[in-house]
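Here's a quick briefing to read alongside the structure. Take a look at the fold, then follow the charged side chains.

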Amino acid sequence: MEVVLTQDVDALGLRGEVVNVARGYARNFLLPRGLAQVASPGLKRELERRDAQRARHEAKSVDEARAIASRLDALELRFDVTAGPTGSLFGSVTATNVADRLWEREKLRVDRRKLQMETIKRIGRYTVPLEVFTDVVAELRLVVAPEGQELPPEEELAELEAAEAAAAAPEPEPEPELEDEVETAAEDAEPAEDAEPADPEA
């Protein structure tokens, strides 16, 4: 079943994309939560029209692309997010969020599919390559910081990430040597339990 995503959905696609999903997944999850709409022919035509409009805003020459790339290279986009004590976000920052922010702040339209980024789920500093034109790639800098606070230094960020990884790690298996010792002790104890009782008539 074809649907148009109205929000970014992890491991499925970005807002505005047409994706093919199982009917049950669409009816029971995507549609009731407002994450997608059924891809009617009219809606698909509207998306094609928007894509054509966006293409008109994109660079038409290498010189124009280089000018846009130099603007992007000079930028640092900040995202204030709600984060837990270990730096994990309650939510995420996606390519759509970055493209929307570029339009709001710089009136630059970019195709979010050309942002070479994974969904961001931790506070930190990120560099995102963006293909502006063939062989013209800008490096966009992002700061994802806890709301109303400055971003901690890199060392502290690394410590937070390590602490979260350690907390999520499974408990280590008991050492094999200890198991062997326990088994040996059990074997030593067995003969006493198995000893035959003394014959009362003897």
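About 13400 Å² of accessible surface belongs to this protein, and carbon and sulfur atoms account for 50% of that area. Keep in mind that you're looking at a predicted model. Of the 202 residues, 30% are buried.

**Overall layout**
- The protein has 6 helices and 8 strands.
- Among contacts with a separation of 6 or more, 57% are between residues 24 or more positions apart.

**Salt bridges**
- You can find 10 salt bridges in the structure.
- One of them pairs Arg141 with Glu76, with 3.6 Å between the closest N and O atoms. This pair links distant parts of the chain, as Arg141 sits in strand β8 and Glu76 in strand β4, 65 residues apart.
- Arg141 counts as partly exposed because its relative accessibility is 33%, between the 20% and 50% cut-offs. Glu76 is partly exposed too, at 37%.
- Glu104 and Arg101 form another salt bridge, at 3.8 Å from N to O. Both are in helix α4, 3 residues apart, or about one turn of the helix.
- Glu104 is exposed at 54% relative accessibility, while Arg101 is partly exposed at 25%.
- Arg71, Arg105 and Glu106 join up in a network of salt bridges; in the bridge between Glu106 and Arg105, the closest N and O atoms are 3.3 Å apart.

**A buried arginine**
- Arg112 lies in the loop between α4 and β6.
- Arg112 is buried but has no salt bridge, and the nearest oppositely charged side chain, Asp111, is 5.3 Å away.
- Leaving aside neighbours within four places in sequence, Arg112 has contacts that include Leu14, Glu17 and Ala99.

Technical notes:
Residues are numbered from 1 along each chain as its sequence is written. This is a predicted model: local features need pLDDT of at least 70, side-chain atom pairs count only at pLDDT 80 or more; totals for chains, interfaces and linings use all residues. Side-chain values use heavy atoms; hydrogens and water are left out. Helices (H or I, at least four residues) and strands (E, at least two) are DSSP runs, numbered from the N terminus. Buried means under 20% relative accessible area, exposed over 50%, partly exposed in between (1.4 Å probe, protein chains only). Contact means heavy atoms within 4.5 Å. Accessible areas come from the Shrake-Rupley method with a 1.4 Å probe; for residues, only the protein chains shown count as cover. Lys and Arg count as positive and Asp and Glu as negative; His and the chain ends are not counted. A salt bridge is a side-chain nitrogen of Lys or Arg within 4 Å of a carboxyl oxygen of Asp or Glu.
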